[in-house]
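I opened a new page for this one. These are my notes on what I looked up, in the order I went.

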Amino acid sequence: AIFVMANSTYFDDVPVADEDPTKRRGRKKRETAHRIFRSAIDLMQQDGFDGVSIEQICERAGIARATFFQHFASKAALLSVLSDIICQKLDDELASEDLSPESRLRVIAEHLERLINEIGVIAPDMFAAFNAEPGGRFRVEEPSTGVTYRIKTVVEMGQADGSFSNQWSADD
């Protein structure tokens with residue numbers, strides 16, 4: 001199956017967060033991982049998840065096959081970067097203390113909607129492959145990181161200030 005989608009812009013100009021800017025090696029490693037991921041997404045938008053090989057991703061990213069495997073155990077493992085990128089973008093946008101809980105939740109929803117609009121066609125195959133990876137299973141029931149954690153935090157903030165009902169726990 002051939003997938004024709006608009007070029008993804010969600011992943012353009014993703015800041016590569018680095019706790020210590022003097023740690024060049026960590027920054028370079030992360031930049032390479034993001035470049036590999038972006039190359040994969042671009043190719044998958046044309047040919048679908050299963051229609052793209054690791055070799056094609058490497059060629060598009062301008063890296064050797066060994067470099068790919070220094071960063072990812074498999075093509076499905078690329079999905080680990082997706083959460084990283086989404087969280088970086090959310091953290092940047094949610095950094096303002098002036099945002100109400102409702103506005104924060106709206107920001108998260110807008111990010112997810114944009115992401116679904118851009119990669120929605122390939123997302124089911126990506127998630128299925130990632131979920132099948134050893135250690136790749138999502139643990140929604142234990143939200144402690146990623147987008148789930150950010151949503152939980154916003155709900156707790158809204159419940160604390162009375163913006164949101166306490167009818168359900170933030171964990172729900």
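Predicted model: local features only at pLDDT ≥ 70, side-chain atom pairs only at ≥ 80, totals over all residues.

**Surface and overall make-up**

Residues are numbered from 1 along each chain as its sequence is written, and side-chain values use heavy atoms, with hydrogens and water left out.

Next I looked up burial: 40% of the 172 residues of the protein chain count as buried (under 20% relative accessible area; exposed is over 50%, partly exposed in between, with a 1.4 Å probe and protein chains only).

For secondary structure I got 7 helices and 0 strands, running α-α-α-α-α-α-α from the N terminus. Helices here are DSSP runs of H or I with at least four residues, strands are E runs of at least two, and both are numbered from the N terminus.

I also checked contacts (heavy atoms within 4.5 Å). Among those between residues at least 6 apart in sequence, 65% join residues at least 24 apart.

The axes are lines fitted to C-alpha atoms, for helices over the stretch in contact, and angles run from 0 to 180 degrees between N-to-C directions.

I noted the crossing of helix 5 and helix 7 as left-handed, meaning the near helix is turned anticlockwise from the far one by less than a right angle; clockwise would be right-handed. On the helix 5 side I listed Pro101, Arg104, Leu105, Ile108 and Leu112, which meet Val147, Arg150, Ile151, Val154, Met157 and Gly158 of helix 7. By class, this contact has 8 nonpolar, 1 polar and 2 charged residues. Nonpolar covers Ala, Val, Leu, Ile, Met, Phe, Trp, Tyr, Cys and Pro, charged covers Asp, Glu, Lys and Arg, and the others, Gly among them, are polar.

**Helix 4 and its two partners**

How do the axes of helix 4 and helix 7 cross, and at what distance? Helix 4 (residues 79–94) comes within 8 Å of helix 7, axis to axis, at roughly 30°, so the two are roughly parallel. Ser83, Ile86, Cys87, Leu90 and Asp91 of helix 4 meet Gly146, Val147 and Arg150 of helix 7. I get 4 nonpolar, 2 polar and 2 charged residues there.

With helix 5, the axis of helix 4 comes within 10 Å and crosses at roughly 145°. I have this crossing down as right-handed. The contact residues include Leu82 and Lys89 of helix 4 and Val107 and His111 of helix 5. The classes are 8 nonpolar, 1 polar and 3 charged.

**Two buried residues**

Ile85 sits in helix 4 and is buried at 2% relative accessible area. Its C-alpha is 8.4 Å from that of His34, 51 residues away in sequence.

Gln159 lies in helix 7 and is also buried, at 15%. Leaving out residues up to four places away in sequence, Gln159 touches Phe164, Ser165, Asn166, Trp168, Ser169 and Ala170.

Technical notes: Parallel < 35°, antiparallel > 145°, perpendicular 65-115°, else oblique.
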